[in-house]
Structure formats: structure tokens, C-alpha cells
Amino acid sequence: MTKEENLKLYEEWVLKASAYEMALSVIGVDKMTIAPVGGNEYRDQRTAILAGELFELNTDPKIQKVLEELLKEELDGDTKKAVELYYQEMMKVVSIPKDEYVAFQNLKSKAYNDWLEAKTKNDYSIFEPTLTKLIEEVKKIYAYRKSDVPLYDQMLNDYEPGMTMAQYDDFFAQVKERLVPLIQRIAKAKQVDTSFLYKSYPIAKQREYMDEILKYIRFEPDWGYQNETEHPFTTWVCENDCRTTTKYLENNIIAAILSTVHEVGHATYEHDIDPKYDGMILSNGVSSGMHESQSRLMENYLGRTKAFWEYNYPKLQECFPEQLKDVSLDAFVDAINASSPSLIRTEADELTYPLHIMIRYEIEKRLFSGELSTENLDQTWNKMYEEYLGIHSENAKEGILQDVHWSETYFGYFPTYALGSAIAAQIVHTMRQQIDVDQLLRENRYDEIVKWLKENIHRYGCRYTANEILTKATGEPFNPKYYLDYLEEKYTKLYHLEG
Ligand code: ZN
């Protein structure tokens, strides 16, 4: 076939796949937010049919040939990169027999239910056999790729292209070396008062206040919509349509706000990708780590700063005069930055957070190397929390069963959470040299910060690799030094550990 014929087939295929993706995305968001649970069975069955069709489309041998031929052609840079990425993705799944693929999806649905039951009953033994089976099946599915790369490296690479165990080992070694002693010093220092954050804050009032925050962080109703769910998330549905969710807690004034700022960070990234990539593989965040860097940047490096609250705190006090009238801006900002080791990852503060991730990384790595089995894994988990964070619980619900990820076979995903925080630090370091972030925050000019991020990070989508984008933006590839320096400086000051 001629190049033109191949390009035409390729473009039709891209368009069709994006239509399926959009449909599945809408159904998924709907299910997780407002769809009545009574419809689950009917809905799940029909959704599985659509997903199966998309799988067939994504592994179509005719298109595989088209992509292979196009890879040999002279193409413009954008198309070339897109074809390469589509081909890479296709090669990951093309050898999996469709019935095995469907069986694997079904196993995941069952695994989710088993995990939920185990968590509800606080009993790891309910989930353990499922976890064993998941690991076996994941190994089989990856074996179809016939790759020489170690299994866990392949998994890491699926979420963060280019990252390997060797690189993560080095990153976490530095995290451990510099943060564990700091956390230990903080444990002995005078603690920050956070009690007022946990008074009663009626949810209806919190919702009202959230409109102010959404406006401030430029989450515009013409391209974004916020809902409420148990576990907040963000989904890109189609061009100019991003859905995020948040979760309100009556006895916590900061949780919903910071989780909103976090999710809007993800949404803004997706929204700001160059529209010329719409509907194409290039119109995605480049990696999980880079995605998380954009949400953490907004949550931690903007949303927890004094400058952010100089503008927003007076309005918060107006909304909750009883609860906050005697709390100064400084006391409030100190409280939302306080650090104290805790058992639940999603509630962890900025400083102890990467250690939660390090524990999961170590366990996953050893599970897939065969060094660890699922047997008594709950106890291994508890021991590691004791060792790294100095806290102990025998409660599986607050331990090994707290996260949904393994039931969904997201092995290799956790490390990108810590990586994201570290990438954000590097980006912020450069951004602060180029624009006056604090002044913009103080003056309700958040859009100018977003503009900087769009110019330097967001617009590229997947056109370049994460390290290429980072190098363009900051002048060097990923370097964890900025993150560790930032945390050391911030917490030394907050807890008066100087000297
Ligand atoms: Zn996130």
C-alpha cells in the first residue's frame, strides 16, 4: 500500500479507537459517581463487550501492518512519534489471546470484590489467595511480550517509561538516607498545633467555600466538572471535558480543599495539552510520574504555601468564623504543613509520604523477584512501618489492605507517586527563578502560574519523553536533589531544628 493509503487507514483507526475510549470513559465516570448501583450487572456486562471490541481494534493485525509500514516512511515529527507510541502499545498486548485477556479483566473485577470484602472484614487471609493468583496471572500476561527485560522493570516502565529498578533503588536510598533521620528529629521536637483543623465544619458550608477555591485555581465550568466520590480521581473524557471528584469530611477542613487542588492539577495538565494532538495518543500526560508531579505541584508547592492562603484564608475565616476566628494565618499554614508519621498513605503529610511509597516499592520488587511470597505479607508490611516510620498496627485495614492498587494489578505504579513529588520540586525550583510565584498567588493571578506550566510542561503531551520535557523546562534530567533539599529546608524551619 502507498504511504497515503496507510495514513488514511491509520487516521480512521485512531478516530474510531478514540470514540470507543470516550464512550468507555463516560461510562466509567458515570459508574463511579452518580450511576445507581442496581444497574451494575447489566452495565458491567455491556461495558465488557465494548472493552473487548476496543481490545480487538487495538490489536487488529491489519493495523499492525499499517503501523509497521508507516514506521519505515518519512513522516512529520508529530505523526512519527504518535505511530511509534501506538506501535509500542500494540506490541505490549498483541500476543495475548483475546479470551485470556477477557479472563484477566474478569479476574480483576473479582479481585476488587475480594479486596473490598477483606478490607471491610479487616482480614488479610480473605485477599491473600487472590493476590497470589493476580501475581501469577500478571506474570503470564507479561510473558506474552517475550521481553528480556526483568519483569518488575517492565512494569515500572509501563507507568514511567525509562525508569528502572536501579534508578528507583538509587532514588529511594537517598530518600531514606535524608528523610528518616529528619523524621526522627521532628518526633522529638515541639509539635505543631493542628487541633482546629479537625473541629466540626459542616459539609454544606465546605461545598460553598469550594466554589471560591475552584475559581481561584481556574477550574472553569466550560471544560471541567467536579463531583464527589469516596476516593477522589480525575478522568479526561474528551476535548474540553475533564471530570474530577473530591471527598468532604465533616471533621477536617483541609482534606477536601487539598484533594481538590490536587485533582485539578491533573485536570489542568490534560486540558492544557496542545489541541493539535486531540484524539491522538500524543494527547495524554507523558507518564504517571509527570502527571502526579502536576497534581502535587498544585497541592503541595502552591496549595500549602503561605502566599496561597494570604489570599484565601480570610474567606475561609468568613465562612467558618466560629471555628477559625482565633486562628492566625501563620498558625493555619503551619498546621496544614505539620508532619507526623501515620498508617494511612492517602492521609500522610508531605514529609512522611515518600516512605509509605518506599515500603510498597520494596515489597513489590521482592514479590516479583520471588524473595517474598504473599504468605504473612501483612506482617512484613507492619514490620516495615515500624522500621521506617516508627509506628505499629496489627490492623490489616490500616496496613496491607488500605490501597486498592494491587487488586487492580497496578504493580509498578506506586513509585510514580513519590517520583511525582520529586519531579514537582525540580520544576518549581526553575519556575520560581522565572516568575514570582508567591506574588501571583497573593494577587489572585493563579492563571499566570498555569500559563507557565502550560508553556513548559503541559502542552507537549507525549510528544517528548518525561526526561526530555524536564530537561527543556529545567535544564537537566530528573534530579532528586531538589526534592530532598526542599523537604529538609521546609521542615527544619517549621520545627525549628536549626543548629
Ligand atoms: Zn494524583
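How many salt bridges does the rule find across the interface of domain 1 and domain 2? Keep that in mind while you set up the view; the model on your screen is a predicted one.

**Stop 1: the two domains**

Start by colouring residues 3-148 as domain 1 and residues 165-494 as domain 2.

**Stop 2: the interface**

Now select the residues where the domains meet. The size of an interface is often given as the accessible area lost when the parts come together. Here, domain 1 and domain 2 bury about 3,100 Å² between them, and carbon and sulfur atoms give 68% of that area.

Next, turn to the polar side of this interface. Between domain 1 and domain 2 there are 13 residue pairs in polar contact, counting pairs with both residues at pLDDT 80 or more. As for the opening question, the rule finds two salt bridges across the interface. For a salt bridge to look at, show the side chains of K276 and D78, which meet at 3.5 Å, N to O.

**Stop 3: aromatic rings**

Searching the whole structure gives 32 aromatic pairs. Zoom in on Y413 and Y417: their ring centres are 5.3 Å apart and their planes stand at 90°, so this pair is edge-to-face. Is Y417 buried or exposed? Its relative accessibility is 11%, so Y417 counts as buried.

Then select Y152, Y168, F171, F172, Y361, F368, W381, Y385, W406, F411, F478 and Y483 together; these residues form one aromatic cluster.

**Stop 4: charges over rings**

Finish with two places where a charged end sits over a ring. Select R360 and F414 to find the charged end of R360 over the F414 ring, 5.4 Å from the ring's centre. Then move to K472 and Y464, where the charged end of K472 lies over the ring of Y464, 4.3 Å from its centre.

Methods. Residues numbered from 1 in each chain as written. Predicted model: local features only at pLDDT ≥ 70, side-chain atom pairs only at ≥ 80, totals over all residues. Heavy atoms only, no water. Phe/Tyr/Trp six-rings, centres within 6.5 Å; stacked < 30°, edge-to-face > 60°. Buried < 20%, exposed > 50% of the residue type's maximum accessible area, 1.4 Å probe, protein only. Lys NZ or Arg CZ within 6 Å of the ring centre and 35° of its normal. Domains from an automatic or database assignment. Buried area = accessible area lost by both parts, 1.4 Å probe. Salt bridge = Lys/Arg side-chain N within 4 Å of Asp/Glu carboxyl O. Polar contact = N/O pair within 3.5 Å; in protein donor to acceptor, adjacent residues only side chain to side chain.
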